[in-house]
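Have a look at the structure first, then go through the points in order.

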Amino acid sequence: MMLLQPSMDPNRKRAKSVDRVDSVDSGSESFESTRKCGFPDEVLERVLSLIDSHKDRSSVSLVCKDWYNAERWSRRDVFIGNCYSVSPEIVAARFPRVRSVTLKGKPRFSDFNLVPEDWGADVHPWLSVFSTAYPFLEELRLKRMAVTDESLEFLATNFHGFKALSLLSCDGFSTDGLKAIATHCKNLTELDIQENGIDDLGGHWLSCFPESLTSLEVLNFASLNSEVSFDALEKLVSRCKSLRVLKVNRNVSLDQLQKLLLHCPLLMELGTGTFMQELISGPVTEFKTMFSNCKNLVTLSGLWDATPLYLPVIYPACASLTFLNLSYATLRSDELANLLAHCKSLRRLWLLDTVGDKGLEAVGSCCPLLEELRVFPADPFDQEIFLGVTESGFVSVSHGCPKLRYVLYFCRQMTNAAVATIARNCPDFTHFRLCIMNPGQPDYLTKEPMDDAFGSVVKTCTKLQRLAISGLLTDRTFEYIGKYAKNLETLSVAFAGSSDLGMESVLKGCMKLRKLEIRDCPFGNAALLSGLTKYESMRSLWMSACNVTMNGCRALAKEKPRLNVEVMRDEEGSDDSQAHKVYVYRSVAGPRRDAPPFVLTL
């Protein structure tokens, strides 16, 4: 999946690849070819079609006019990181042969209810343009977009060769929309529904797949809550002999899962239903046999309501697992230890903090190949500090898992010394997201700010691309980030900093920064305007509950007319001089035309 690229400067023979969007109209005819190809365009297009990396394709399109055009005509996949950074008309004019589109909508902080539901990011205008430009569209992957049942029906009835739909963190639709997809998409290979704000009207949509459909390879409805039509589900699974991903919801029992797996010899990813049912010795043996027959299984998730009585049934499948998602299984430390003893090949592991530090010690002992760890809070609103995980468990993981590159760690206490140890043990971190859940929490032993902790991370982990910081932090943390985090692309900040100098240090020092997300920090107009030379090379800036004013936002908009500077009004009666929520992003489409009344584009 590729990114739209900037137009070419006629005076530049070569240019550094920049991840940005730009107008098609100014591109293909506005610069002279700087290199003559020694072979026909068809050959060049064929060669370029073999390039998968979007960064490589970015560089290719900037070489010369011939390569730009060849890349344009050979592009089949387009990734758009902000649906308002470009218009669907520009995309369609630039890339005439696209088969797959990935489209992101609302800012990430919408996951924390900081963006109003009716903010925008409606997918329908895109579908309207694509129905004419790309009637041959095969794949659509949406994240944080507003999707209605009408849009899903439009998609299902206007793209007759459509094959794959993925909806992640979208909202506005119901299972009636899924009925339309199931009914009309005769060649469907993928239906992936994850973490959406969906109106679940029941599981009857599974009965709408035609009996002639045998092409399904991916089916994920784990996030739906209603009872499913198991008879329809079993018939569907039995017809689709190439099914490699199956993730069901918690209303599917182990007995039913056993029946499904008999029809899935090629299954690579499995999301189980509930493990809550009465088992006797005979069925337990049968279930173990069921999992031992899953020879190709590499990903396992679900495991709702799993207990020590039921967990052993999955042991036979664990040896080959590379990804184990236990974020719905409230396991204790001993249960996790027994399970991980069978999982020697894990690269990715997601857990709830109910496993405690003892459980994380088992991770360090049993998972030497681990590259990604995510530890989520089972109850983020529980204020009992002695529950969950601490710095001790994190250090244990770092000792035993030297290949760790990605971590998301929710905890209630941490120390500077522990984070420094973790960074030394795992210097190859590319993603480090430490979430100390009590805002402004210091090093609980020394009572000092957590500045040195994140200073250790950015000094030691030179490959760092994404960083989320938390705890009691002063401007020193941001000075460290600006000075040492030279490969940082995304920074998320909450309840941190002392003055404008913190944000200024980041904007000045982090040359590769693409996304900056800030909430509840004391950064004002000076900090905002210190990024005047930076924002056009970034994807977006989010600031909420900071000290930015409307005048500061107007000054930014005046200086940088190519940026969209949007201010979201809070409830009526609030101070109109304050800009409570600010969203800044580059766009080649100009101000959006569907902004609701509470969004002001300056």
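1. Let's start with one cysteine: Cys521 comes out as buried, at 3% relative accessibility. For the wording used here, buried means under 20% relative accessible area, exposed means over 50%, and partly exposed is in between, with a 1.4 Å probe and protein chains only.

2. Before going on, keep in mind that this is a predicted model, where local features need pLDDT of at least 70, side-chain atom pairs count only at pLDDT 80 or more, and totals for chains, interfaces and linings use all residues. Residues are numbered from 1 along each chain as its sequence is written, and side-chain values use heavy atoms, with hydrogens and water left out.

3. How many disulfides are there? The count is zero, taking a disulfide as a pair of cysteine sulfur atoms within 2.5 Å. Cys366 is in no disulfide, and its nearest cysteine sulfur, on Cys367, is 5.9 Å away. Cys366 is also buried, with a relative accessible area of 11%. As for Cys521, the nearest cysteine sulfur belongs to Cys546, 5.3 Å away, and Cys521 is in no disulfide either.

4. Now the rings. The count is 20 aromatic pairs; rings of Phe, Tyr and Trp (its six-membered ring) pair if their centres lie within 6.5 Å, with planes under 30 degrees apart called stacked, over 60 edge-to-face and the rest tilted. One of them is Tyr134 with Phe136, a tilted pair at 6.0 Å centre to centre and 50 degrees between the planes. Tyr134 is buried at 0% relative accessible area, while Phe136 is partly exposed at 30%.

5. Another tilted pair is Trp304 with Tyr328, at 5.1 Å centre to centre and 35 degrees between the planes. Trp304 lies in the loop between strands S12 (299-301) and S13 (323-325), and Tyr328 in the loop between S13 and helix H11 (333-340), so this pair ties together parts that are 24 residues apart in sequence. Helices (H or I, at least four residues) and strands (E, at least two) are DSSP runs, numbered from the N terminus. Trp304 is buried at 7%, and Tyr328 is partly exposed at 41%.

6. Elsewhere, the charged end of Arg348 sits over the ring of Phe323, 3.9 Å from its centre. A charge sits over a ring if NZ of Lys or CZ of Arg is within 6 Å of the ring centre and within 35 degrees of the ring normal.
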